[in-house]
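Let's take a friendly walk through one model, starting with its strands and then moving on to a pair of helices. Have a look at the picture before reading on.

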Amino acid sequence: ESGLVIQSKKQPWVFIDKFINRLMFPIFDVSGKVIGFGGRVLGDGMPKYLNSPQTLVFDKSKNLFALNFARKGAPNEFILVEGYLDTISMHQAGFTNAIASLGTAFNANHSSVIRKYSNSVTILFDSDEAGVKATLKAINILTGAGIKAKALTLSGAKDPDEFIKRFGSEKLAGFIRSADNYITYQVNLLKGKYNLQNTEEKIEFTYEVSKILSSLGDKVLIDAYTEEISKITNISVSSIKSHIESISHTKITDIGVNTQKKIYRPKNTNLEKGLLEANKGLIYIISSDHNIYLKVKAILKPDELSTEVYRKLLGIIYGLHEKGASIYPADIVSKFESQGDQSVVSEAFSTAIALDDYKLIEKALNDQIRLIKRHNIDLELEGLSALNGDDSFNQTQNLSIKKRNLNKLYITLIDG
């Protein structure tokens, strides 16, 4: 139940150490009690890192590594890094306010925990593309929770651990003190993407920055950054403000200085029961028949399914079909760590569909695929609805045509 051992399938009386040949990191709750473990492989094995599964006492989406140490002394701010070794290196170098998420993406639960102890965070993730994407996501989550966010991209090193070893803690301290606030960080990223000597790219850059500024509820901030962007691009302040107003549908003069920040959060879709049933039914049918898999694989990709668990599950099933391997539900269930995910996977394999009636399967399969694809198109259309310009109009038109054409989509299982 603690997730420290695995029971052998062939010899049920044999138990195997789940973390064998791994460097162990004890994970503490905020009061200092050990609630789980992280293990880094010693050698070239996979996965590189392995965490305890979710248990009654351990939920990686609601705990942060080293928070029990970092919270002492009520710090003015936390430094959010990516992993165990970065956190430990930071603490050894004197940055005792460093914390990290536990082998999972930073989420709203993490920001709620942080807010109990501090209202300011400096994000110090890896400098590669994945680290930048994770930084932008963390910025949205933190600012959405009302936490002040700054971000820093290290130069000359991939991560904080490497930077400290190469340049020392004093230089890192200087970088952290000069970290950009989250708006400047995003603007500087965009500056690196566009050639501002090219008129078209300069305009595109201005449009992208305007999207960022349109989400602010502070007139002073908007004025300050509009002036800055105007100096960079030589586009007039009035033109930039006009574009911002067209995006936010609010006159900047109507925005109060103390107005609560307008935050764009992804809508909670609360997936309808029918959509989830379509995901489950589709998985059950494809896992049961290799010929059906051959007909579906070119039409439906795993990443089109509605939840991360179903996407991973269908990816595993596709992989087994591709190898010509047998599909054993019990083996697949064991590939999911948390009990909640395992329960979802088990339910998918126990879906009640009569597999001996090909006409019934054919109808169910087509209905399920159309429903899933229609839902994905609706999500894309929803995202485009907040944008302006020819590109968004063309994309909307294309998606609408694609949605209408779903009625023509039909997989035939019975020849003739």
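P26 stands opposite F37, a residue of strand β4. In this predicted model, local features need pLDDT of at least 70, side-chain atom pairs count only at pLDDT 80 or more, and totals for chains, interfaces and linings use all residues. Residues are numbered from 1 along each chain as its sequence is written, and side-chain values use heavy atoms, leaving out hydrogens and water.

Strands here are DSSP runs of E with at least two residues, while helices are runs of H or I with at least four, numbered from the N terminus. Two strands pair if DSSP finds at least two bridges between them. Here are the pairings of β4:

| Strands | Bridges | Direction |
|---|---|---|
| β3 (residues 22–28) and β4 (residues 34–41) | seven bridges | antiparallel |
| β4 and β5 (residues 49–51) | three bridges | antiparallel |

Five residues lie between the strands of the β3 and β4 hairpin, where G32 has a positive phi near 95 degrees. On the β5 side, G38 has N51 as its bridge partner.

Now for the helices. The axes (lines fitted to C-alpha atoms over the stretch in contact, with angles from 0 to 180 degrees between N-to-C directions) of α7 (residues 182–193) and α9 (residues 219–233) come within 12 Å and cross at roughly 20 degrees. The two helices are therefore roughly parallel to each other, a term for angles under 35 degrees. Their contact (heavy atoms within 4.5 Å) involves I183, T184, V187 and K191 of α7 together with L221, Y225, I229 and I232 of α9.

Key. Angles under 35 degrees count as roughly parallel, over 145 as roughly antiparallel, 65 to 115 as roughly perpendicular and the rest as oblique.
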